[in-house]
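Please walk me through this structure one part at a time, in plain terms.

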Amino acid sequence: MHSESWKKLPWKKFRRNLFRLQCRLWKAVRVGDRSRANKLQKLILRSRSARFLAIRQITQLNAGKKTAGVDGKKSLNCQGRFELERVLKTQAQHWHHNQLRAIPIPKKDGTTRLLKIPTLQDRTWQCLVKYAIEPAHEAVFHGRSYGFRPGRSTHDCQKILHISLRSFAHGKDKRILELDIEKCFDCIDHNFLMKQIIAPQSIKQGLYSCLKTGVNPEFPSQGTPQGGVVSPVLANIALDGIENIHNSVRYADDMVFILKPKDDAEKILHQVEEFLALRGLKIKASKTRLVAATDGFDFLGWHFQVQNNGKFRTVPSEDNYKAFRKKVKAIVNNSNYGASVKAQKLSSLVRGWRYYHQYCRLDGSRFSLYFMANRAWKVFAKETKLNRYEVDALIQQAFPRVPYHEHRHINVKGDKSPYDGDLTYWSERNSKLYTGPTAAALKRQHHTCGYCQMKFLGGERVQLHHIDGNHDNWKPKNLTAVHESCHDYIHSSKPIG
């Protein structure tokens with residue numbers, strides 16, 4: 001009974017209601033009406049639509065939906081989701097966080113960082129709060145900030161660097177100041193952060209409780225829980241404005257400054273140190289360096305370099321390529337499953353890697369993955385009784401070809417936001433993130449979901465649905481692009497309202 005009730009909830013109406021409130025909030029902050037903004041944020045926190053969407057996001061859509069907190073709960077059934085909605089309805093205004101589950105994560109330099117996981121209930125409350133504070137800060141965030149923001153990606157950073165360092169911009173003469181903030185999430189000053197957050201007091205008190213629950217006992221007034229849903233937004237709030245110091249590109253806590261020949265690197269570095277000191281942060285000296293653009297530098301998994309002839313080139317970084325090759329090798333040499341299963345696993349991995357690097361220069365045997373495919377061919381031929389043509393077909397499945405378009409990514413216009421109400425711009429832009437059959441389906445459907453008829457505005461993945469249920473039938477008439485959540489409800493054969 002609870003399962004049927006959950007599926008029959010008016011999800012389309014919920015999405016429309018929440019988006020309308022968020023657009024109103026964005027516009028209120030944009031014109032400087034903080035009083036109206038606070039009222040709208042309280043309204044979102046009390047909104048039934050926002051509560052149900054937050055619960056669905058955390059328990060059904062997020063990649064970490066099966067990760068347990070200190071209470072050991074890995075998932076909620078439909079009855080548990082309705083009970084959580086009632087808890088949020090009565091306690092969202094005065095929320096108290098549980099303790100966090102700490103998971104050590106190894107870093108490249110041999111050290112470890114603690115990933116602190118809240119419970120499902122706390123993550124849902126944080127998602128609800130994120131709905132209320134993200135649109136407000138999207139109205140004031142700097143245009144060169146791209147990390148963990150709706151409608152923006154690492155490819156925007158890549159394009160900015162191309163524009164700034166190409167031959168037309170005399171990139172050959174420029175220098176790059178690489179910066180890394182030491183333990184950014186662990187050291188943000190709570191008092192400073194609370195002053196910066198645009199929110200009513202009830203939300204700030206809940207966030208303050210959230211921060212105090214996840215801190216290091218040695219530093220009780222610093223840090224944000226790195227596994228929290230709202231943590232990336234809080235980090236962006238703390239670091240917003242660092243872009244005004246000098247021409248730079250920032251993705252969360254990673255950033256590079258682009259210096260012309262006459263720019264004073266020491267002065268810029270001093271200004272950055274003063275900016276960070278107010279927030280309880282400092283620069284990590286071991287990862288801070290000044291290099292010539294012609295020497296090249298690594299950023300966000302890419303290696304950027306201006307060649308001697310003035311041409312700007314981007315390729316996958318050495319660390320990124322080695323990590324990818326290690327994953328491929330682990331799948332190819334695994335003896336627990338056969339060649340067909342290996343081909344399926346490799347297909348997903350290789351396609352994701354190639355799509356991420358699709359705006360790089362991927363010619364040559366190294367980045368065409370010729371040697372990896374050749375090694376996989378030999379292993380598949382040895383493990384199976386298939387003939388050479390059948391092995392060739394498996395290799396084509398395992399290493400799908402994805403065309404690359406060097407430096408052809410189109411950046412977000414200025415400081416536009418998905419909450420500005422420009423549905424046409426954002427639906428078309430998000431549709432361009434997909435290629436192949438998905439892109440063709442989106443174009444046929446005019447960038448709207450084939451099930452709920454709402455625009456694709458980001459925040460939720462687009463999936464292809466096979467109308468006749470036959471996943472081997474890839475004819476265009478049999479394919480329709482839908483939201484991930486809509487895809488779930490299609491297969492449950494229930495309306496979404």
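**Helices and strands in turn**

Helix α15 (residues 370–383) and helix α16 (residues 388–398) have axes that come within 10 Å and cross at roughly 135°. Angles over 145 degrees would count as roughly antiparallel, and 65 to 115 as roughly perpendicular; α15 and α16 are therefore oblique to each other. The crossing of α15 with α16 is right-handed. On the α15 side, the contact is made by Ala373, Ala376, Trp377, Phe380 and Ala381, and on the α16 side by Arg388, Val391, Asp392, Leu394 and Ile395. Of the residues in this contact, 8 are nonpolar, none is polar and 2 are charged. All of this is read from a predicted model, as is what follows.

Next comes helix α11, which spans residues 231–239. Is this helix mostly covered or mostly exposed? It is mostly covered, with 8 of its 9 residues buried. The buried residues are Ser231, Val233, Leu234, Ala235, Asn236, Ile237, Ala238 and Leu239. Among the elements that cover them are the helices α6 (120–138), α8 (184–187), α9 (190–196), α10 (201–213) and α12 (265–277), together with the strand β4 (248–251). Just after α11, Gly241 has a positive phi of about 110°.

Strand β5 (residues 254–259) runs antiparallel to β4 and is joined to it by 4 bridges. Within this pairing, Arg250 stands opposite Met255 of β5. The hairpin of β4 and β5 has 2 residues between the strands, and Ala252 takes a positive phi near 60° there.

Another group of strands forms an open sheet. It has 3 strands in the order β7-β8-β9, and their pairing is antiparallel. Its edge strands are β7 (297–299) and β9 (312–316), each of which pairs on one side only. On average, neighbouring strands of the sheet are turned by 30° against each other, direction ignored. Strand β8 (residues 302–306) is joined to β9 by 5 bridges, and the two run antiparallel. Phe304 stands opposite Thr314 in β9. Which helix lies across β7, β8 and β9? Helix α7 (residues 154–165) does, and it runs at about 10° to β8.

Terms used
Residues are numbered from 1 along each chain as its sequence is written. This is a predicted model: local features need pLDDT of at least 70, side-chain atom pairs count only at pLDDT 80 or more; totals for chains, interfaces and linings use all residues. Side-chain values use heavy atoms; hydrogens and water are left out. Two strands pair if DSSP finds at least two bridges between them. Axes are lines fitted to C-alpha atoms, for helices over the stretch in contact, and angles run from 0 to 180 degrees between N-to-C directions. Contact means heavy atoms within 4.5 Å. Buried means under 20% relative accessible area, exposed over 50%, partly exposed in between (1.4 Å probe, protein chains only). Angles under 35 degrees count as roughly parallel, over 145 as roughly antiparallel, 65 to 115 as roughly perpendicular and the rest as oblique. A crossing is left-handed if the near helix is turned anticlockwise from the far one by less than a right angle, and right-handed if clockwise. Ala, Val, Leu, Ile, Met, Phe, Trp, Tyr, Cys and Pro count as nonpolar, Asp, Glu, Lys and Arg as charged, and the others, Gly among them, as polar.
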